[in-house]
Every structure is written in structure tokens, then in C-alpha cells.
Amino acid sequence: MAAEIPLLTPYKMGKFDLSHRVVLAPLTRTRSYGTIPQPHAILYYSQRTSKGGLLISEGTGVSDTAQGFPESPGIWTKEQVEAWKPIVKAVHDKGGVFICQLAHVGRVSSYGYQPNGQAPISSTDQPIPDQTHPDGTVEEYSPPRRLRTDEIPQIVNDFRLAARNAIEAGFDGIEIHGAHGFLLEQFMKDNVNDRTDEYGGSLENRCRFAIEVIEAIVNEIGADRVGIRLSPFADYMEAWDSNPQALGLYMVQALNKFGILYCHMVEPRMAIVDGRQQIPHRLLNMRKAFKGTFIAAGGYDRDEGNKVVAENYTDLVAYGRLFLANPDLTKRFELEATLNKYNRLTFYTQDPVVGYTDYPFLDEASA
């Protein structure tokens with residue numbers, strides 16, 4: 001029966017034999033106390049593991065300047081690496097493939113998250129305006145400090161060392177976070193990057209930092225273990241570009257030179273068409289141009305996911321909120337079962353159970 005469901009057909013991603021095309025998207029969960037991954041993450045990730053399933057970890061900081069969220073994990077210290085090991089092992093014990101997302105938030109931060117209360121680093125010294133959350137709370141961001149040209153190699157090296165640490169922790173590979181207004185996008189996108197050195201101005205210059213990060217990591221751990229996440233169409237954290245198509249295509253063509261494992265792209269925002277939410281599907285040029293595995297993300301449900309796999313618009317589909325609330329998402333897709341509803345209010349709490357590992361499985365729900 002499963003063979004008739006495009007999302008549940010097998011796929012070979014480089015050296016990895018995936019049994020289906022449903023991917024756990026990288027999801028910030030703010031439950032790694034003091035930047036150390038916790039034992040409760042063993043249950044969280046193993047709950048969402050199926051044999052031959054691909055999981056991408058939450059954004060994991062590459063250095064002490066990379067943090068911008070409460071209790072988010074890192075992978076720059078020995079203690080963090082050791083804490084990741086049993087989590088990775090639990091995923092492998094159930095036959096899953098586990099990728100570590102390496103992140104640096106750049107200016108999406110404030111003095112309180114930074115070493116010695118210093119300014120967050122970025123491509124620019126322009127701050128992000130205060131953001132009001134759905135629950136009415138206001139997030140304030142500290143004015144960033146523009147990185148000097150001679151400091152950029154050190155940040156590239158932080159990514160390289162973090163990639164090596166991820167492999168030491170047992171991860172099957174890494175995903176570079178080049179999306180959602182974080183540091184790499186602060187360089188790539190022209191509304192944020194106001195530099196006049198070789199890292200600013202032209203498209204080639206703005207993408208230079210991201211490409212140096214990719215090259216350093218490929219040289220460290222091998223192209224067959226490297227993916228990247230990009231969101232050329234997003235305007236998250238005040239990061240947008242005047243020509244997202246050109247940016248996306250330029251990056252994909254650069255990635256091809258390195259032969260990396262996959263490119264994970266976030267769709268443009270959903271639009272309401274005839275009263276129904278629809279995804280604009282504007283990644284096709286980039287999908288066609290990229291030579292490795294292509295992963296699409298952004299508000300997909302079961303039907304839309306099946307459609308894009310059947311039409312060869314993407315190889316794999318990443319699910320965030322649905323996977324967070326349905327640890328057995330692939331099984332529910334197979335049986336066309338009702339999905340648990342996610343609770344937005346518990347996405348980013350620090351509770352080790354509530355909204356984290358307490359969403360019921362199908363057999364629990366029916367029992």
C-alpha cells in the first residue's frame with residue numbers, strides 16, 4: 001500500500017538509503033539548559049525516528065557568539081559533544097539518519113546571550129527592530145557590531161570546528177544554516193548587507209562568506225556529509241533580498257562546484273488562493289539547477305507533499321510543526337490518520353516534557 005504514496009517511497013541520498021521522503025525539519029526547541037543538550041532530547045528525537053528516516057537537528061551553535069535563543073544547544077565544547085552522543089546513538093539505534101544543523105544567529109541576539117555581554121556580530125551595525133510575538137511579548141535585539149574583514153576567517157573556522165565536532169558526536173553529516181535572517185543570510189541579502197569590502201556589494205561578494213563556510217566544512221568532513229538550508233524568498237528577521245531568484249540560483253550553482261549532499265530550501269510564504277492556503281512553488285529553477293538531493297520545506301501537508309514528490313519538484317519534504325506534534329508522522333501519513341494539533345504556546349518553553357515528548361502516538365490515542 002505504501003508504494004502508492006509518493007512520500008513513502010524509498011530514496012537514495014548519497015550513501016544513505018532512506019526508506020521514505022518525510023524529513024524532520026530543524027526546529028529550535030529551547031530545552032538544552034546552559035547550551036548543553038539534555039537527556040530528554042534522547043526521547044524527543046528517538047520518538048520521531050523511523051528506520052531509514054532522515055532527521056535534522058535543531059539549530060546548534062558553532063561558538064559562544066552564535067547564541068540568540070534561551071537554552072539552545074551548542075557543539076563547540078567537549079561537554080556539548082559528549083552530551084550529543086547518546087542522543088545521536090538513540091536515533092541510530094532505531095535506524096535513523098541524523099544530520100546536525102550548525103547555526104550562528106548573528107544579529108538575531110542581544111547582549112545577554114553574548115560572551116561578556118558584548119554586541120552580537122553581523123555583516124552590518126544596523127539593528128533588528130523590536131519584534132512583537134503572537135502572545136504579545138516583545139523581543140528586543142541589541143545593536144550588532146559589524147565584523148571586520150580580518151575577523152571573518154575566524155567565524156569560518158568556528159563552523160569548520162563545529163562540523164568536525166558533529167562528526168565526533170556521531171552525526172551522519174551537518175547542515176549549514178544559511179536561512180531565516182541568521183548570520184549567513186545577513187551577508188547574502190542586500191537589504192541587510194551594507195558592506196563596502198569584498199564581502200559586500202555584488203551578489204558574488206555577498207555570497208562569499210557562505211561559500212567560504214561551505215568550502216571549509218567540505219574540506220574538513222567531505223562533501224558527501226554536507227547540506228545547507230537556504231531561504232532566498234524569506235523576509236524573516238528583517239532579512240530580504242531584492243532579487244531572491246538570482247540569489248537562490250547563484251548559491252545553487254556555487255554548491256554544485258563542491259558536490260555537496262543536499263540543498264534544503266524554504267518555500268516562499270503561503271498565499272491564500274480561492275480561500276485555501278497554497279504554496280507558491282517558486283523553487284523549480286533552483287531544484288532543476290542543483291545536482292544533489294533537493295529538500296523543500298514550508299507549510300506542507302500530506303497532500304501537498306505527495307504532489308511535489310510525484311511531480312519531481314523535490315526529492316524530500318521537510319515537516320516542522322506537524323512532525324513536532326506527531327512523532328509517528330510517517331505512519332499517520334501511511335494510514336491517512338488524523339493528526340494531533342500542535343500547540344504554539346509550548347513550542348519554545350523550557351519544559352522537558354510538555355509540548356516536547358508528550359504528544360501521543362496513534363496507538364496511544366486509540367487506546
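Ala, Val, Leu, Ile, Met, Phe, Trp, Tyr, Cys and Pro count here as nonpolar, Asp, Glu, Lys and Arg as charged, and the others, Gly among them, as polar. This is a predicted model, in which local features need pLDDT of at least 70, side-chain atom pairs count only at pLDDT 80 or more, and totals for chains, interfaces and linings use all residues. Residues are numbered from 1 along each chain as its sequence is written, and side-chain values use heavy atoms, with hydrogens and water left out.

A cavity is a set of points, on a 1 Å grid over the protein atoms alone, where a 1.4 Å probe fits but cannot get out; its lining residues have an atom within 4 Å of a point. Grid points are joined across faces, edges and corners, and the volume is the space filled by probe spheres set on the points. The whole structure holds two cavities of 30 Å³ or more.

Take the second largest cavity. Its volume is about 40 Å³. Arg29, Arg31, Ser32, Gln38, His40, Ala41, Glu58 and Tyr356 form its lining. Sorted by class, that lining has two nonpolar, three polar and three charged residues.

Now follow one of these lining residues, Arg31. Helices (H or I, at least four residues) and strands (E, at least two) are DSSP runs, numbered from the N terminus. Arginine 31 sits in the loop between β3 (22-24) and α1 (40-47). Is arginine 31 buried or exposed? Buried means under 20% relative accessible area, exposed over 50%, and partly exposed in between, with a 1.4 Å probe and protein chains only. Arginine 31 has a relative accessible area of 2%, so it is buried.

What does arginine 31 touch? Contact means heavy atoms within 4.5 Å. Leaving aside neighbours within four places in sequence, its contacts include Gln38, His40, Glu71 and Tyr356. Two backbone oxygens deserve a look. The side chain of arginine 31 reaches that of threonine 346 at 3.0 Å.

Move on to the largest cavity. About 40 Å³ of space lies inside. Among its lining residues are Gly178, Glu185, Leu230 and Met251. Helices α4 (183-188) and α6 (244-258) each supply at least two residues of this lining. Of the elements, α6 gives the most, with three residues. The classes here are five nonpolar, three polar and two charged residues.

Which strands pair with β11? Two strands pair if DSSP finds at least two bridges between them. Strand β6 (residues 97-103) runs parallel to β11, joined by four bridges. Strand β12 (residues 226-230) also pairs with β11 in the parallel sense, over five bridges. Isoleucine 174 is the bridge partner of cysteine 100, and isoleucine 174 stands opposite valine 226 in β12.

End with serine 63, in the loop between β5 (60-61) and α2 (78-93). Serine 63 is buried, with a relative accessible area of 6%. Not counting residues up to four places away in sequence, serine 63 touches Trp76, His104 and Asp158.

Key. 1 Å grid on protein atoms, 1.4 Å probe; cavity = no way out; pocket = protein on both sides within 12 Å on 5 of 7 lines; lining within 4 Å. Polar contact = N/O pair within 3.5 Å; in protein donor to acceptor, adjacent residues only side chain to side chain.
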